[in-house]
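Subject: Structure for you to look at, with notes

Dear colleague,

I am passing on a structure that I would like you to read alongside the notes in this email. Please open it first, and then follow the notes with it in view.

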Amino acid sequence: MTHGLLSALARLERFGRLAENAMLVVLLGALVLLAVGQIILREVFETGFFRADELIKLLVLWLAMVGSVAATRDNRHIRIDALSHLLPDKAVTAIRLFVDTFAAVICGVVAWQAWRYLQLEIEFEDTVLINVPAWMAHIVVPGAFALMSYRFAVSVIREVFVMATGSGAEARR
Amino acid sequence: MIALTVILALLAILGAPLFAVIATSAMLGFQRDDTDLMNLAIEILSIADLPFLAAIPLFTFAGYLLSESNAPRRLVRLTDALLGWMPGGLALVSLAACAFFTAFTGASGVTIIALGAILYPALQQDGYPDKFNLGLVTSSGSLGLLFAPSLPLILYGVIAEVSIDYLFLAGILPGLLMLVMLSGWSLFVSRRSPKVLQKFSIREFGLAIRETAWEIPLPLVVLGGIYSGFLAVSEAAAITALYVFIVEVLIHREIRLTELPRIIRESMVLVGGILAILAVSLASTNYMISAGVPQDLLASVSGLVSSQASFLILLLVFLLILGALIDIFSAIVLVVPLILPIAAAYNVDPVHLGIVFLAAMQLGYMTPPVGLNLFIASYRFEKPIMHVYSATFPFLVILMVSVLVITFWPGLSLLLVPG
């Protein structure tokens, strides 16, 4: 029973990482091609893609958000990392448990506020790129923060597990 | 209010992700003003409106690709062919190669891993003292921060709304000063190096040039494109990314296509980390500015110092402490908007301020307790951290002197800047 649950979680983990990678590859590829294409069109044909600048900005927003989710999974968010070199493993895990709980809650609140804003955008029928509903472009913000909240919660669970079983070294991963 | 600030600071010191701490502070600010918390979402979305932001993911990706290819090895061979015949040549090679490489990889610690692994054993083999080698490789990891197109320079330009082109020009001479001073120290240390000098070989030089033929145009693409007015910074970044991809993946074939998703992920994880902080700080900064924090700061600073010189001293002390505590990207995003108006009141040019800021923060990479380079070097070369501290110390002192020169000689930064 627990075994089945664990393997389902492991599958979810693999799928999540794969999905992040796929999105990052597509977004970055699109950004490079669009930006370079725009230069070629401008210099050679004296024309340009329609609304390319706005699209580039939205691509950067998406890259930033998906990159943030990936950073959460890889535990690579920028932190002041002074104590982990000074304290024993057990204390580090306990502190991590505490600050990751905090991060999970805050990400959840941000996701909720961004979701509320999205409702407004839907209500007022805001658009980007002339006639694309704005919420389609902006949904990445509540989505990313919700996923980060989830990832931090997973880290917390892992840290509780480490504390309980006492395998200290794992916590820093 | 004070209690909450203390709690937030405590959370940050305990190692909470900085973006979460900053988001909390912004939301607390909104709450106090009866502003709807939804505004945080609007501020986060507004990162999309920052000019040239696309340059950050594009240059970061190009830098990561370069570091995964054999470009570091080729770069070392070329500089070795150029400088290796001199006494202390290999030390100079290390400094020059690291500076060039850091400029392209944005001082994210990649330099120590990509170049240090080649240079450290090579220096060892040439008979340089071990402690010197370790210090050299560790401190070179952030050398070149002031050279275009380094990520911190671009980020400062975005935040301070200063022309990134000007910043690129302003960084050249101060960056060279650091390079020259460290080279001088290296020559001094290696003056009694027992190694028989190799002769300059035109053949080896030709071979090295041929090998690097594809990478040599890179600085020209970046700088030439920008200064000819042909390309905006973000466009130069796009061309660089595509160019590096074509050279390393399609021509040299040193990176397999199957490795690309991993490399893209690693580079975008760094970008995501930086931009998450940037996004939430837009909110907290706007709140602080509307609450008059810069004016309050200015008022308390002007109570302490009256002249530009004493302001600069105060600024340096502050930046050195800041650099020892937080990383360069968070520091730029959080602190620059607050000190810009104060610096303006003391007639400090924003371009010069940027160079001083980054030069001082560069020292932060090498100062305990959180100096990133120290930990990367300790981990990479399997040396105790205290040993790395003491090996790096002479280099830290020299860089400190160069930072003083850079700070109190604005002309050095501004000489190449038009206007």
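How many salt bridges does the structure hold over all chains? The structure holds 20 of them, where a salt bridge is a side-chain nitrogen of Lys or Arg within 4 Å of a carboxyl oxygen of Asp or Glu. As a general point, side chains of opposite charge can pair when their charged atoms come close.

Before the details, please keep some conventions in mind. This is a predicted model, in which local features need pLDDT of at least 70 and side-chain atom pairs count only at pLDDT 80 or more, while totals for chains, interfaces and linings use all residues. Residues are numbered from 1 along each chain as its sequence is written, chains are lettered from A and ligands numbered from 1 in the order in which they are written, and side-chain values use heavy atoms, with hydrogens and water left out.

Salt bridges in chain A

The side chains of Arg73(A) and Glu13(A) meet in a salt bridge, with 3.3 Å from N to O. This pair links distant parts of the chain, since Arg73(A) is in helix α2 (residues 52-73) of chain A and Glu13(A) is in helix α1 of chain A, 60 residues apart; helices are DSSP runs (H or I, at least four residues), numbered from the N terminus. Arg73(A) counts as buried at 13% relative accessibility, whereas Glu13(A) is partly exposed at 27%. Here buried means under 20% relative accessible area, exposed means over 50%, and partly exposed lies in between (1.4 Å probe, protein chains only).

A salt bridge also joins the side chains of Arg17(A) and Asp74(A), at 3.4 Å from N to O. Arg17(A) lies in helix α1 of chain A and Asp74(A) in the loop between α2 and α3 (89-123) of chain A, so the pair ties together parts that are 57 residues apart in sequence. Both residues are partly exposed, Arg17(A) at 35% relative accessibility and Asp74(A) at 25%.

For Asp100(A) and Arg79(A), which also form a salt bridge, the closest N and O atoms are 3.2 Å apart. Because Asp100(A) lies in helix α3 of chain A and Arg79(A) in the loop between α2 and α3 of chain A, this pair ties together parts that are 21 residues apart in sequence. Asp100(A) is buried, with a relative accessible area of 2%, and Arg79(A) is buried as well, with 12%.

Where the two chains meet

The contact between the chains takes 55 residues from chain A and 58 residues from chain B, contact being heavy atoms within 4.5 Å. Chain A and chain B bury about 4,900 Å² between them, 79% of it on carbon and sulfur atoms; buried area is the accessible area (1.4 Å probe) that two parts lose on being put together, summed over both. Of the area that chain A buries against chain B, Ile78(A), Ile80(A) and Phe102(A) supply 16%, more than any other three residues.

There are 4 salt bridges between chain A and chain B. Which residues are linked with them in a network of salt bridges? The network is made of Glu13(A), Arg17(A), Glu20(A), Arg73(A), Asp74(A), Arg151(A) and Arg265(B).

Leu5(A), Leu6(A), Leu9(A), Leu12(A), Phe15(A), Leu147(A) and Tyr150(A) make a nonpolar surface patch of about 720 Å². Such a patch is made of residues with over 30% relative accessible area and no salt bridge, with nonpolar side chains (Val, Leu, Ile, Met, Phe, Trp, Tyr) joined within 5 Å and, for patches of charge, like charges joined within 9 Å; the areas come from the Shrake-Rupley method with a 1.4 Å probe, and for residues only the protein chains shown count as cover. Helix α1(A) gives the most to the patch, with 5 residues, and Leu6(A), which is found in helix α1 of chain A, is exposed at 56% relative accessible area.

Cysteines

Finally, a search of the whole structure finds 0 disulfides over all chains, a disulfide being a pair of cysteine sulfur atoms within 2.5 Å. Cys107(A) counts as buried at 0% relative accessibility, and Cys98(B) counts as buried at 3%.

With best wishes

Conventions: Helices (H or I, at least four residues) and strands (E, at least two) are DSSP runs, numbered from the N terminus.
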